[in-house]
Amino acid sequence: MTSPLHRLYSFRRCPYAMRARLGILFAELSVELREITLKNKPEQMLAISPKGTVPVLQLSDGSVIEESLEIIVWALKQKDPQGLLDKSVLLQANDLIERNDNEFKYWLDRYKYADRHFEMTQAEFRQKGEVFLQVLEDLLTNRTYLLGSNVTIADISIMPFVRQFAHVDRDIFYSLPYPKLQLWLQHWLEHPLFVQAMTKFQPWQEGDSRVVFPC
Ligand SMILES: N[C@@H](CCC(=O)N[C@@H](CS)C(=O)NCC(=O)O)C(=O)O
């Protein structure tokens, strides 16, 4: 008989879901993974989390965590071998993540889908997003990670969003004056745990055999 695992509903194209997968990997946990599509959310997910966003983590005791950041913190509280929850930087990490999730994500969506938003040009949306890129660039002066020489929750929470911003137009992104940030992103794109987080899975359907993540 297979033992019960915590179950993660996830969507590869969602930066919130990718940060949750990164949290699971840094915590060296295994979960049952149910990949979804936003157009066809499984009723089992909506039954436990009616707000209908991914990621959602259903713990084996039945309780549900339906915010990406809470999933990461929960996972790292189980095990945090690399010290991502370093107390000395937690306040600063929270501020930075909040700015990412509120301000930067707003401009990222408009930059990415400029054809649906007519208040500004795509270049103007990009420049609005660049205000946050400059903050990150300044933080990376003389250090490898956003808040010091060690990876913290801020890096893994923000990285998937900077990746999406860069991938709207890679040529433009790599021509912008953010050399430290470009190196930081490149480091993350090649990081074994990020590569693992980006593993592709087929959308889950009732009756499928259990998919364990990481594989
Ligand atoms: N605050 C949530 C945001 C999650 C979120 O907005 N996820 C998007 C996908 S990237 C979603 O599921 N949207 C629902 C939809 O588009 O139907 C979190 O951090 O988990």
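## Ligand shell

The shell around the ligand splits into 6 nonpolar, 3 polar and 1 charged residues (Ala, Val, Leu, Ile, Met, Phe, Trp, Tyr, Cys and Pro count as nonpolar, Asp, Glu, Lys and Arg as charged, and the others, Gly among them, as polar). Its members are C14, Y16, L38, G52, T53, V54, P55, E67, S68 and L69, where being near the ligand means that the C-beta atom, placed from the backbone, lies within 6 Å of it.

Before going on, a word on what you're looking at: this is a predicted model, in which local features need pLDDT of at least 70 and side-chain atom pairs count only at pLDDT 80 or more, while totals for chains, interfaces and linings use all residues. Residue numbers start from 1 along each chain as its sequence is written.

Two of the shell residues, V54 and P55, are joined by a cis peptide bond with omega about 0°. P55 sits in the loop between α2 (43–48) and β3 (56–58). As for the labels, helices (H or I, at least four residues) and strands (E, at least two) are DSSP runs, numbered from the N terminus.

There's a cis peptide bond from F213 to P214 too, with omega near -5°; P214 is in the segment after β5 (212–213). E28 is worth a look as well: its phi is near 55°, a positive value in a residue other than glycine. You'll find E28 in the loop between α1 and β2 (31–35).

## Two domains

Across the boundary, 12 residues of domain 1 are in contact with 10 residues of domain 2 (contact means C-beta atoms, placed from the backbone, within 7 Å).

On the domain 1 side, α1 and α3 (68–78) each supply at least two of the touching residues. The largest share, 7 residues, comes from α1. By class, that side of domain 1 has 9 nonpolar, 2 polar and 1 charged residues.

Two packed helices are described by the angle between their axes and the distance between the axes. Here the axes are lines fitted to C-alpha atoms, for helices over the stretch in contact, and angles run from 0 to 180 degrees between N-to-C directions.

Helix α1 (residues 15–26) and α6 have axes that come within 8 Å and cross at roughly 140°. The pair is therefore oblique; angles under 35 degrees count as roughly parallel, over 145 as roughly antiparallel, 65 to 115 as roughly perpendicular and the rest as oblique. P15, M18, R19, L22, G23 and F26 of α1 meet I156, S157, P160, F161 and Q164 of α6, a contact with 7 nonpolar, 3 polar and 1 charged residues.

## α4 and its partners

Helix α4 (residues 90–112) also packs on helix α6 (residues 153–168): their axes come within 10 Å and cross at roughly 15°. So α4 and α6 are roughly parallel, and the crossing is left-handed. From α4, the residues A93, L96, I97, N100, F104, K105, L108, Y111 and K112 meet I153, A154, S157, I158, F161, Q164, F165 and V168 of α6. That contact has 12 nonpolar, 3 polar and 2 charged residues.

Then there's helix α5 (residues 122–139), which packs with α4 at an angle of about 160°, with the axes 8 Å apart. That makes α4 roughly antiparallel to α5, again with a left-handed crossing. R99, N100, E103, F104, W107, L108, R110 and Y111 of α4 meet Q122, F125, R126, K128, G129 and F132 of α5. By class, this contact of α4 with α5 has 6 nonpolar, 3 polar and 5 charged residues.

Notes. A crossing is left-handed if the near helix is turned anticlockwise from the far one by less than a right angle, and right-handed if clockwise.
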